[in-house]
Amino acid sequence: MKLVNAELFKLRTTSIWWIMGLVLLPLYAASVLANWAQYANTSPDDAAGTDQAEQVRAALEPINVATSMYTSGQYFGILILLLLSAIIVTSEFFHLTATTTFLVTPKREAVILAKFGAAVVVGVLLWLLTTVINLIVVPPIMSNLDLGSQLGEGAVWRAIGLNLLAFVLWAVLGVGLGVLIRSQLAATLILGITYVVGTAAVGLIFFLLTRYVADWFDKLQVLFPPNASQLMISGTDLPGNPPRWVGAAVLIGYAIVTGVIGTMITKRRDIS
């Protein structure tokens, strides 16, 4: 715990955390407003095909609208968490403190585990922040949509809990990727661009594969981590989508692989 506290101290005594916070707040507000506008202006008649119309009808069910609204901000919250988690590692090399850190604590796996722990704490705090705000602002939005708050539904709280799991797993993933990309600038750019641009690119690629090659390609989108996160927090299994547990399994797999690889690399890496 002393090592975890030390990692959190390093993070909170730099300006990066509040800069990321200032970036997150408008992005979070934009996501809430975008979700609200989407559900207020969408109907199954807007879909261009029978299968798509079925998916839209399912997505517009009150419970699915509620789970989406109460987990608003996940996309951008996880982006900020991913960058902060990577910075927990890359800042050691950016500020040339890695040698001192590992001299003070020669057992390197303890240091990397502390970084995982610190990233998880940050992830929980970000989840808590967005969830508390959602619980305040979403009920009036649900009333505006004539759907009721839906807070009495177990599926809503399950989605909120799975959203917490997503934040925890992305924190581990961020630290593991930070180990692989030692440069702080490179890690920030690569992870940020991959997360944002990659999501759109993957969606386009799988749309084309599904349309022109085979329908089953559409289900493989869940292998991309941001899509797995979105699948996890859906209120019910939507037509044409894999079960929600598949999204959780994909994220857990990525977190385990990057966590193990990150720990092994840190133990063997020359930090002089």
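This is a predicted model: local features need pLDDT of at least 70, side-chain atom pairs count only at pLDDT 80 or more; totals for chains, interfaces and linings use all residues.

Modeller: Residues are numbered from 1 along each chain as its sequence is written, and side-chain values use heavy atoms, with hydrogens and water left out.

Biologist: Which elements give two or more residues to the lining of the second largest pocket?

Modeller: Lining residues are those with an atom within 4 Å of a point, and 15 of them line this pocket, with Trp17, Leu84, Val122, Leu125 and Leu126 nearest its centre. Helices are DSSP runs of H or I with at least four residues, numbered from the N terminus. The elements that give two or more residues are helix H1 (2–12), helix H2 (16–40), helix H5 and helix H7.

Biologist: How many residues of the lining of the second largest pocket are nonpolar?

Modeller: Ala, Val, Leu, Ile, Met, Phe, Trp, Tyr, Cys and Pro count as nonpolar, Asp, Glu, Lys and Arg as charged, and the others, Gly among them, as polar. By this division the lining has 1 polar residue, 1 charged residue and 13 nonpolar ones.

Biologist: Which helix gives the largest share of the lining of the largest cavity?

Modeller: A cavity is a set of grid points where a 1.4 Å probe fits but cannot get out, and the count comes to 1 cavity of 30 Å³ or more. About 80 Å³ of space lies in the largest cavity, and its lining of 10 residues includes Val89, Phe93, Phe102, Lys115 and Thr266, which lie nearest its centre. The elements that give two or more residues to this lining are helix H5 (74–94) and helix H7 (108–144). The largest share, 3 residues, comes from H5.

Biologist: Is Gln150 buried or exposed?

Modeller: Gln150 is found in the loop between H7 and H8, and its phi is near 65 degrees, a positive value in a residue other than glycine. Most residues other than glycine have a negative phi. Buried means under 20% relative accessible area, exposed over 50%, and partly exposed in between, with a 1.4 Å probe and protein chains only. Because its relative accessibility is 17%, Gln150 counts as buried.

Biologist: What is the angle between the planes of Tyr75 and Phe76?

Modeller: Rings of Phe, Tyr and Trp (its six-membered ring) pair if their centres lie within 6.5 Å, and planes under 30 degrees apart count as stacked, over 60 as edge-to-face and the rest as tilted. The count comes to 3 aromatic pairs. Tyr75 and Phe76 form an edge-to-face pair, with 5.1 Å centre to centre and an angle between the planes of 85 degrees.

Technical notes. On a 1 Å grid over the protein atoms alone, a cavity is a set of points where a 1.4 Å probe fits but cannot get out, and a pocket is an open set with protein on both sides within 12 Å along at least five of seven lines; lining residues have an atom within 4 Å of a point. Grid points are joined across faces, edges and corners, and a volume is the space filled by probe spheres set on the points.
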